[in-house]
Amino acid sequence: MLLKLSLSSMKKMMKDYLVLLVGLVISISIFYMFQTLALNSDFTKGNSVIKSIQIVFNVGAFLLALITIFYIFFANSFLLSLRRKELGMYMVLGAKKGKISQILFLETLTMGIVSLVIGTIVGIALSSGIGVLLMNLLEISADGYYPFYLPSVWMTWGFFMVLFLLTSTINAVRLARATELDLIRAEQQTDDVKAKGFGTVLVAILGVALVAVGYYGLIEIMTLQLLGFLIGAIATTIGTYLLFISLLPVLVQALKRNRKLNDQSLNAFTFAQLRFRVNNLTKILGTVAMLIALGVGAMAGGLAFQKNVDLIANVGHVYDISLHDPVSEDQEALKKMTVLEQNTYSYKVNEDAVYYLKDDLLAHPPLISTNDMQNYDPNKEPERIAEPLPANLYGMNEDKDEKTGQKLEELPDEWYQVISQEFTISYKMYDGKPVRVVDQATFASVKGNEHTVVIAKVDDFLKYKQDIKAMNQRQKEQIKPASEDEEVYLTTKYGTYESVYAFTSGTMFMGFFLGVAFLAMMASCLMFKILSGATRDRDRYSMLRKIGVRKSLLVGSIYKELLFVFLFPALMGLTHVLVGMQMFSFILLEPYVNIWVPTVIFVVIYALYYLITVRLYRGIVLPKEV
Amino acid sequence: MSVAVLEVKDVQKVYGKKGESQSHALKGVSLTIEKGEFVGIMGPSGSGKTTLLNVISTLDRPTGGFIQIAGTNITQMKQNQLADFRSQKLGFIFQDFNLLENLSIYENIALPLSLQGVSSKEIGAKVKKVAQTLGIEEILSKYPVQVSGGQKQRAAAARALVHDPAILLADEPTGALDSKNAKSLLETMTDLNENHQVSIMMVTHDAFSASYCKRILFIQDGNLYTEIHRTGDRQQFFKQILDVLAELGASHDVR
Ligand SMILES: Nc1ncnc2c1ncn2[C@@H]1O[C@H](COP(=O)(O)OP(=O)(O)O)[C@@H](O)[C@H]1O
Ligand SMILES: [Mg+2]
């Protein structure tokens with residue numbers, strides 16, 4: 001009997017439950033997709049590129065989980081509050097509290113399981129569609145990647161089941177503690193029309209101060225390091241909430257105080273509605289602002305990282321190509337490119353060490369990068385090495401020959417840089433032997449195979465990306481015998497480019513989905529809150545319509561009111577992102593490249609949610625026409 | 001001199017579509033209200049009072065007939081014209097939910113003027129004046145939850161009158177009030193009618209309230225049944241009303 005009643009009331013609130021369900025499904029399916037990317041072991045094992053971005057997806061899944069916990073708790077307490085009155089009625093009618101708690105528990109759990117089933121299915125579809133799209137983007141093969149992957153399914157179900165069990169229990173406990181009267185009275189709240197006093201102004205000032213401190217922490221992250229990040233994260237968050245608690249209501253009140261403006265058209269009503277919203281929604285608006293900052297920040301961060309790939313690769317490498325013992329295919333490929341500079345150097349390898357010929361090096365001194373990540377300056381051009389090498393024998397990281405006891409000069413820094421960054425393309429290639437630079441006489445006396453290394457700089461690295469990739473591949477094969485099963489990783493410019501590109505694409509990809517999930521959940525929260533007051537608002541709009549307010553004016557008022565509600569957190573969140581990007585300034589050369597892309601994506605999604613909310617709200621509050 | 005503020009001719013209202021079960025709420029009602037009149041509409045519950053008020057107040061469209069208010073035919077108007085007409089020419093007092101509880105009393109009363117684009121200064125003056133007439137100057141800055149039910153209905157009357165409407169339409173305005181507050185509101189309405197020449201049409205099923213009117217129209221089953229004029233004092237009129245109601249067989253409706 002009670003079960004029947006509860007079912008029928010759930011049916012009545014279908015729309016609310018549907019909104020909750022959509023939020024959950026989005027979260028679960030994205031969580032699942034991240035898990036397939038992070039857990040598919042065959043796939044990640046065979047792929048050095050994916051390995052490096054696995055961590056990104058784990059971080060993404062963790063963040064998503066955090067927000068989802070918040071969302072589930074919020075949404076559930078909201079739904080509970082919607083139903084308090086009804087549940088109270090059951091109690092008054094004589095239903096036992098234990099029984100009602102039980103039903104509530106089952107309801108919440110059922111809801112969770114339904115969303116898990118749908119979410120997993122959507123997640124599998126998402127993984128097989130978009131996950132594969134990601135792999136194409138990264139130019140890696142999807143071999144061994146299964147969109148339907150059991151460990152990922154278990155992971156997702158395990159995590160969310162625990163979450164749902166927890167919220168169900170909390171809901172039930174909360175109900176068990178409330179009395180019948182608590183429940184019935186719950187809904188009879190009236191608009192708070194009290195004026196904000198001096199205290200609120202103080203809170204507003206405190207909020208501004210905290211946000212300023214937080215921003216300072218983020219901007220000065222270079223010097224403050226981890227402390228800066230902590231200060232930034234904590235102070236900004238608390239400051240944001242304080243601002244939404246204080247500044248916003250004060251602002252709206254100021255609007256209302258302006259007689260002229262307030263007396264105009266329907267403004268008095270619009271502002272009054274807005275005042276109610278900002279007083280009622282402080283916490284959620286603050287949360288929305290923080291979520292926007294996180295979501296857009298993740299997107300912007302990923303994108304900025306990706307756009308900085310060339311730059312990062314360029315800092316460590318002046319030469320686009322490094323070839324050891326090039327084969328004819330390499331020569332062919334080089335001939336087709338516009339080569340700006342190409343140098344060939346000889347070296348010999350014996351049992352003890354690797355020997356580079358000093359005269360070769362001095363005859364064609366190479367360029368070295370004068371930039372580094374910490375103090376990047378796009379105007380710094382590479383410089384040619386002018387450092388002479390007067391001694392006969394130079395060593396890198398060794399001061400004497402182990403066998404002969406012969407003394408070795410320390411190789412000057414610039415030459416050291418060239419040999420370690422441009423010549424040495426894999427830590428495996430010399431088998432850990434020391435590298436020396438020697439004069440002609442010593443070189444001639446070394447008994448060992450003679451090799452050459454070719455370094456070349458072309459007009460446009462990205463133009464020949466495919467050819468260079470093939471060269472890289474051939475170099476890998478050369479080195480391979482030394483290390484049978486392990487994947488060889490090359491520190492050539494292309495190797496660096498490839499791994500940074502994968503990492504950043506992964507971050508961007510994750511940021512985008514994280515952003516979508518955040519936005520979806522956040523917008524559902526906002527929608528819940530707004531729609532939950534809609535029935536009471538209906539009387540207001542119908543009265544206004546009766547006394548002769550044009551429908552267009554009422555609609556305009558709704559657009560205006562909700563625009564403000566949506567606008568404030570958006571502005572706040574975007575400001576956080578703009579400042580927060582400073583945080584990356586010590587790893588990213590130009591953190592603000594293409595910041596407009598995530599901003600536009602966000603604005604479009606957000607605007608859509610705004611329009612949907614207005615639509616739904618209109619449908620509820622505006623009276624039917626005759 | 002007699003000028004009609006309201007002319008209703010052979011108005012019909014049928015609920016429900018053709019072919020389905022239809023209900024004839026009004027079956028051809030005609031009536032005229034002259035400027036400065038205080039007319040009551042009475043009848044048993046379900047007789048069509050609210051329907052009549054709704055079609056007159058342009059909230060509902062009649063299925064047939066003709067309605068003219070202050071010289072304007074409202075039966076052919078479009079939605080927006082109707083809304084504008086309501087906001088400019090009509091004043092409303094409903095049984096409940098008259099005031100927006102998130103606006104101060106002042107803002108509630110000012111609303112019709114704001115909608116017409118009256119300047120802030122002029123609004124201030126007009127609100128003050130109407131508030132004086134209704135004796136609610138003291139509570140202008142308060143919010144509806146902070147004042148009594150009687151004060152709320154006075155504020156509603158002020159909101160209905162602030163823009164000088166052609167006619168004040170009231171649907172059971174005393175329905176939610178206790179007898180003391182009801183009496184005071186009715187006295188105020190009488191004062192508005194007698195000393196400020198406000199034309200009033202009030203729907204009620206309560207004989208006591210109706211006794212404050214100058215003329216009462218009785219409807220039954222969607223038809224005009226009879227009408228009585230007040231000639232003597234209020235007590236006498238009250239008895240007269242009870243007699244008609246008894247005739248209508250609706251004595252159970254009387255409080
Ligand atoms: N929206 C409607 N749809 C169908 N029938 C209605 C509607 N409103 C009123 N009626 C019918 O019209 C008749 C008159 O109703 P109403 O005008 O509300 O009476 P009163 O206000 O005198 O009690 C009643 O029989 C009622 O059932
Ligand atoms: Mg009625």
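Between chain B and chain A there are 3 salt bridges, a salt bridge being a Lys or Arg side-chain nitrogen within 4 Å of a carboxyl oxygen of Asp or Glu. A:R540 pairs up with B:E101 in a salt bridge, with 3.2 Å between the closest N and O atoms. Before going on, note that this is a predicted model, where local features need pLDDT of at least 70, side-chain atom pairs need 80 or more, and totals for chains, interfaces and linings use all residues. Residues count from 1 along each chain as its sequence is written, and side-chain values use heavy atoms, without hydrogens and water.

Chain B puts 29 residues into the contact and chain A puts in 31 (contact means heavy atoms within 4.5 Å). The two chains bury about 2700 Å² between them, 59% of it on carbon and sulfur atoms; that's accessible area, with a 1.4 Å probe, lost on putting the parts together and summed over both. On the chain B side, B:F97, B:N102 and B:L115 lose the most area to chain A, together 20% of what that side buries.

The axes of α10(A), residues 226-257, and α12(A) come within 9 Å and cross at roughly 170°; axes are lines fitted to C-alpha atoms over the stretch in contact, and angles run from 0 to 180 degrees between N-to-C directions. α10(A) and α12(A) are therefore roughly antiparallel, the word for angles over 145 degrees. Residues in this contact include A:F244 and A:L248 from α10(A) and A:F271 and A:L274 from α12(A).

Terms used:
Chains are lettered from A and ligands numbered from 1 in the order in which they are written. Helices (H or I, at least four residues) and strands (E, at least two) are DSSP runs, numbered from the N terminus. Angles under 35 degrees count as roughly parallel, over 145 as roughly antiparallel, 65 to 115 as roughly perpendicular and the rest as oblique.
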